[in-house]
Amino acid sequence: MTDVARRGVVLSGSGGNWRVRVDDASLVDAKLRGRLKREPGSDSSRRDGDGDRLKLAVGDLVLVEPDARGGAWAICEILPRRSRLARRAPGGAYGERIVAANVDQVVVVFAVAKPEPHVRMLDRFLVIAEANQLAARIIVNKIDLVGEKEAHERFGAYERAGYPVHFTSTKRNEGLAGVRAILDGRVSVFTGPSGVGKSSLLNALFPGLSLRVGEISESVNKGRHTTVGATMIPLPDEGGGFVVDTPGLREVGMWALSAEHLDNCFPELRPFAARCRFADCTHTVEPGCAVKDAVEHGDVSAQRYESYLKLRDELEAAEFS
Ligand SMILES: Nc1nc2c(ncn2[C@@H]2O[C@H](COP(=O)(O)OP(=O)(O)OP(=O)(O)O)[C@@H](O)[C@H]2O)c(=O)[nH]1
Ligand SMILES: [Mg+2]
Ligand SMILES: [Zn+2]
């Protein structure tokens, strides 16, 4: 590192070119220095499975310096990560796939209607957050379509599971201040199905962003995502938060988790799972299963337990295929 190196955060990247926001808020385009790419770092998680190439991700804190040839910038160092959102667990057969680095929370956005909420998908997003040991919260948007009471009923299981749930309508300007407060000063991965209003929410909160809003009902390609590529957006609030939009996160089938640890990714199951007769209880057929008892007594939502069973089946099928 030379004395002209500057600290910055990676906002986006494509084809080996990375956009870095340096600490004075100016933007530079930089390439990863060749030497750095091949150097096997001490932190194996920084390398992906196809060789020793260091894997740089959106959200990484880096040092950049002007390239010797002049003009261009080079990323000369990747600073240690405090957290990560990865598709595969470290040490997995195919290596880790990092979606974003230095993430504080995963914010899962769903609409109460249009599109109809797919709770199984919501549970997958939450499991992904839990598997990465990241805090998760839920935004239920479009409450203008059904009213707040019904919205609360539809998502009550998540509030009971302990997740913070925010109810919003960008159409009626409702619930926005609460969302703004939880984004302030944090790095939040914003995710959820297409058309639920993620871009609309961010535009309503931060009009300067001018994100593209899709009209799903009129779209030729139904269900296609309007937002492409993983990008980190600096928020204009004083706290200096960032929102990461990662379309890739929605391909939830690609996440590799082990079936054995799935119960740990459902926070409301954890206290019961600890009380099952068998330490390796799968909570499916075993006698003395405290989880099944809790579901029968209504202490755990049957819908969430169903999700657990479905995801478990899927993960087991993936493990043995
Ligand atoms: N009724 C209602 N419609 C909304 C609300 N918020 C957004 N919409 C509409 O929902 C549609 C989709 O909004 P977007 O913000 O593009 O959704 P998105 O989640 O960013 O979608 P992708 O970028 O495709 O993932 C648009 O037609 C918005 O006008 C709301 O609170 N109420
Ligand atoms: Mg969008
Ligand atoms: Zn059990």
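# A walk through a predicted model

In helix α6, the buried residues are K198, S199, L201, L202, N203 and L205. Buried here means under 20% relative accessible area, exposed means over 50%, and partly exposed lies in between, with a 1.4 Å probe and protein chains only. Helices are DSSP runs of H or I with at least four residues, strands are runs of E with at least two, and both are numbered from the N terminus. Six of the eight residues of α6 (residues 198-205) are buried, so this helix is largely enclosed by the rest of the structure. Its buried residues pack against β8, β9, α5 (176-183), β11 (187-191) and β13, where contact means heavy atoms within 4.5 Å.

This is a predicted model, in which local features need pLDDT of at least 70 and side-chain atom pairs count only at pLDDT 80 or more, while totals for chains, interfaces and linings use all residues. Residues are numbered from 1 along each chain as its sequence is written, chains are lettered from A and ligands numbered from 1 in the order in which they are written, and side-chain values use heavy atoms, with hydrogens and water left out.

Next come the nonpolar cores. In soluble globular proteins, nonpolar side chains tend to be buried together. A nonpolar core is a set of buried Ala, Val, Leu, Ile, Met, Phe, Trp, Tyr and Cys residues joined through side-chain atoms within 4.5 Å. The largest one has 35 residues, and those with the most contacts inside it are L122, L126, I138, V140, F155, Y158 and M232. Helix α2 (residues 119-131) gives the most to this core, with five residues. Apart from neighbours within four places in sequence, F155 is in contact with F110, A111, V112, P117, L122, V140, V165 and F167. A second, separate core has 20 residues, and A259, F272, V295 and Y305 are included in it.

The aromatic rings can be followed from there. A pair of aromatic rings is described by the distance of the centres and the angle of the planes. Rings of Phe, Tyr and Trp (its six-membered ring) pair if their centres lie within 6.5 Å; planes under 30 degrees apart count as stacked, over 60 as edge-to-face and the rest as tilted. By this rule there are four aromatic pairs. Why does the pair of F266 and Y308 count as edge-to-face? The ring centres of F266 and Y308 are 5.8 Å apart and their planes stand at 90°, so the pair falls in that class. F266 sits in the loop between β13 (242-245) and α7 (270-273), and Y308 sits in helix α9 (residues 302-319), so the pair ties together parts that are 42 residues apart in sequence. F266 is buried, at a relative accessible area of 1%, and Y308 is buried as well, at 1%. Y308 also forms a stacked pair with Y305, with 6.3 Å from centre to centre and 20° between the planes. Both Y305 and Y308 lie in helix α9, three residues apart, or about one turn of the helix. Y305 is buried, with a relative accessible area of 10%. Together, F266, Y305 and Y308 form one aromatic cluster.

Which residues hold the zinc ion (ligand 3)? Its protein donors are C276 (SG), C281 (SG), H283 (ND1) and C289 (SG), at 2.1 to 2.4 Å from the ion. Donors are N, O and S atoms within 2.8 Å of the metal (3.2 Å for Na, K and Ca); water is not among the atoms, so sites may look incomplete. Along the chain, the donors of this zinc ion follow the spacing C-x4-C-x1-H-x5-C. The angles among the four donor atoms are 102 to 115°, and the site is tetrahedral, a class that requires four donors with all angles between 85 and 135 degrees. H283 is placed in the loop between α7 and α8 (290-296), and H283 has a positive phi of about 60° although it is not a glycine.

Other loops have backbone features too. K142 has a positive phi of about 65° and is not a glycine; K142 lies in the loop between β9 (135-141) and α3 (148-154). The peptide bond from K114 to P115 is cis, with omega near 0°, and P115 is in the loop between β8 (105-111) and α2.

Note on methods. Tetrahedral: all angles 85-135°; square planar, octahedral: opposite > 155°, others 65-115°.
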